[in-house]
Amino acid sequence: MGVTILSNVLQRLGLGVNESKIYVFLYSGGQSTASQVAKGAAIPRTKCYVCLRSLVGKGFVFEIPSKPKEFKSVPIETLQSIVIDQNKRLSQVKPLEFTASPVFLTLGQKNVMRLFPVETSKCKTEIISLVRGLKNYPVSLNKAKRAVERGVDMKILSLRRADTLETAKTWRSIGVRVKLYKKEVPEGLRFTVFDGNLCRITLGRPQVSDLDSYTTIWIKSKPVAAMLREYFYAKWKEIN
């Protein structure tokens with residue numbers, strides 16, 4: 001597969017520009033140290049470390065426990081299986097089903113990442129999110145892109161840091177409006193409002209360090225949604 005074609009495929013899978021460069025470099029040159037990757041991919045070393053951690057977390061790159069530590073890309077064939085697996089897991093996730101209670105509780109960061117695209121696919125008018133980190137998960141990106149294409153107004157406020165500067169570019173490329181805030185916003189606060197009705201409020205880092213202990217409260221309430229929307233747009237207007 002040609003380098004340009006591979007890079008385009010990777011970005012369609014949700015990788016940022018620098019992440020794609022790193023994968024292409026490792027795919028072409030074999031296992032390398034972080035400093036070799038930074039030099040070969042022409043990426044500043046600090047950004048390179050952030051991207052390598054992200055790629056390892058997503059399963060596109062794995063670490064080799066050597067001294068110094070080295071990194072290696074997964075085979076091309078594995079990329080397809082990663083996407084197939086993500087879509088398979090998503091298809092097994094049922095939308096939230098509220099019965100007598102307007103409140104639904106989930107534990108763990110993974111459950112948020114699984115439910116977010118499911119609820120996104122149901123939206124008709126607006127999705128607003130205040131988050132601490134911004135990830136380029138392929139399934140979430142694909143569902144968001146489709147939502148924007150059918151007219152959903154999607155906005156994200158994310159903490160400004162090295163990795164979100166890059167991932168924000170990918171989200172903007174699919175039509176999502178993204179602004180980056182500084183730490184004046186409470187660090188542990190993160191929420192999403194779907195269609196001015198369903199609210200997702202997550203209690204996570206830095207107050208909760210264990211990803212499996214993240215607690216997410218899903219509330220179906222227009223008054224709560226209105227309160228969160230008011231806070232969101234107040235912060236949105238403060239950021240140029």
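Visitor: Hi! How do the axes of α2 and α4 cross, and within what distance do they come?

Guide: Hello! This is a predicted model, and in it the axes of α2 and α4 cross at roughly 75 degrees and come within 9 Å.

Visitor: Why are α2 and α4 called what they are, roughly perpendicular or something else?

Guide: Angles from 65 to 115 degrees count as roughly perpendicular. The crossing of α2 and α4 is roughly 75 degrees, and therefore the two helices are roughly perpendicular to each other.

Visitor: Which residues make that contact?

Guide: From α2, the contact uses Asn18, Glu19, Ile22 and Leu26. From α4, the residues are Lys47, Cys48, Cys51, Leu52, Ser54, Leu55 and Lys58.

Visitor: Okay, new topic. What order do the strands take in the open sheet?

Guide: The order is β1-β3-β2, with antiparallel pairing in this sheet of three strands. The edge strands are β1 and β2, each of which pairs on one side only.

Visitor: How many bridges join β2 to β3?

Guide: Four bridges join β2, residues 61-64, to β3. The two strands form a hairpin, with five residues between them. Along this pairing, Val61 stands opposite Ser73, Phe62 stands opposite Lys72, and Ile64 has Glu70 as its bridge partner.

Visitor: And how many bridges pair β1 with β3?

Guide: Two bridges, again in the antiparallel sense, and β1 covers residues 32-33. One detail to look for is Thr33, whose bridge partner in β3 is Glu70.

Visitor: Which residues of β3 are on the covered face?

Guide: Phe71 and Ser73 are on the covered face of β3, while Glu70 and Lys72 are on the uncovered one.

Visitor: Switching to cores: which residues in the largest nonpolar core touch the most other members?

Guide: That core has 21 residues, and the ones touching the most other members are Met154, Ile156, Trp171, Val176, Val178 and Phe194. The elements giving two or more residues to this core are α6, β5, α7, β6, α8 and β7. Of the elements, α7 gives the most, with three residues.

Visitor: What does Val176 touch?

Guide: Leaving out residues up to four places away in sequence, Val176 touches Ala144, Val148, Met154, Ile156 and Trp171. There is also another core, lying apart from the largest one, with 19 residues. Leu15, Leu26, Phe71 and Val74 are among them.

Visitor: What about α8, which of its residues are buried?

Guide: In α8, residues 162-173, the buried ones are Asp163, Thr164, Glu166, Thr167, Ala168, Thr170 and Trp171. They pack against the helices α2, α4 and α7 and the strands β6 and β7. After α8 comes Gly175, with a positive phi near 100 degrees.

Visitor: I'd like to look at Ser129 next. Is it buried or exposed?

Guide: Ser129 is buried, because its relative accessible area is 2% and the cut-off for buried is under 20%. You can find Ser129 in strand β5, residues 126-131.

Visitor: What does its side chain make a polar contact with?

Guide: The partner is the side chain of Thr192, at 2.8 Å from the side chain of Ser129. Beyond residues up to four places away in sequence, Ser129 touches Phe116, Lys155, Ile156, Leu157, Phe191, Thr192 and Phe232.

Visitor: Last topic: where is Ala42 found, and what is its phi?

Guide: Ala42 is in the loop between α3 and α4. Its phi is near 60 degrees, a positive value in a residue other than glycine. For background, most residues other than glycine have a negative phi. Ala42 also counts as exposed, because its relative accessibility is 61% and the cut-off for exposed is over 50%.

Visitor: And what is the phi of Asp195?

Guide: Asp195 has a positive phi of about 55 degrees, although it is not a glycine. Asp195 sits in the loop between β8 and β9. With a relative accessible area of 28%, Asp195 is partly exposed.

How values were computed: Residues are numbered from 1 along each chain as its sequence is written. This is a predicted model: local features need pLDDT of at least 70, side-chain atom pairs count only at pLDDT 80 or more; totals for chains, interfaces and linings use all residues. Side-chain values use heavy atoms; hydrogens and water are left out. Buried means under 20% relative accessible area, exposed over 50%, partly exposed in between (1.4 Å probe, protein chains only). A polar contact is a pair of N or O atoms within 3.5 Å; within protein, one must be able to donate a hydrogen and the other to accept it, and residues adjacent in sequence count only if both atoms are side-chain atoms. Contact means heavy atoms within 4.5 Å. Two strands pair if DSSP finds at least two bridges between them. A nonpolar core is a set of buried Ala, Val, Leu, Ile, Met, Phe, Trp, Tyr and Cys residues joined through side-chain atoms within 4.5 Å. Axes are lines fitted to C-alpha atoms, for helices over the stretch in contact, and angles run from 0 to 180 degrees between N-to-C directions. Angles under 35 degrees count as roughly parallel, over 145 as roughly antiparallel, 65 to 115 as roughly perpendicular and the rest as oblique.
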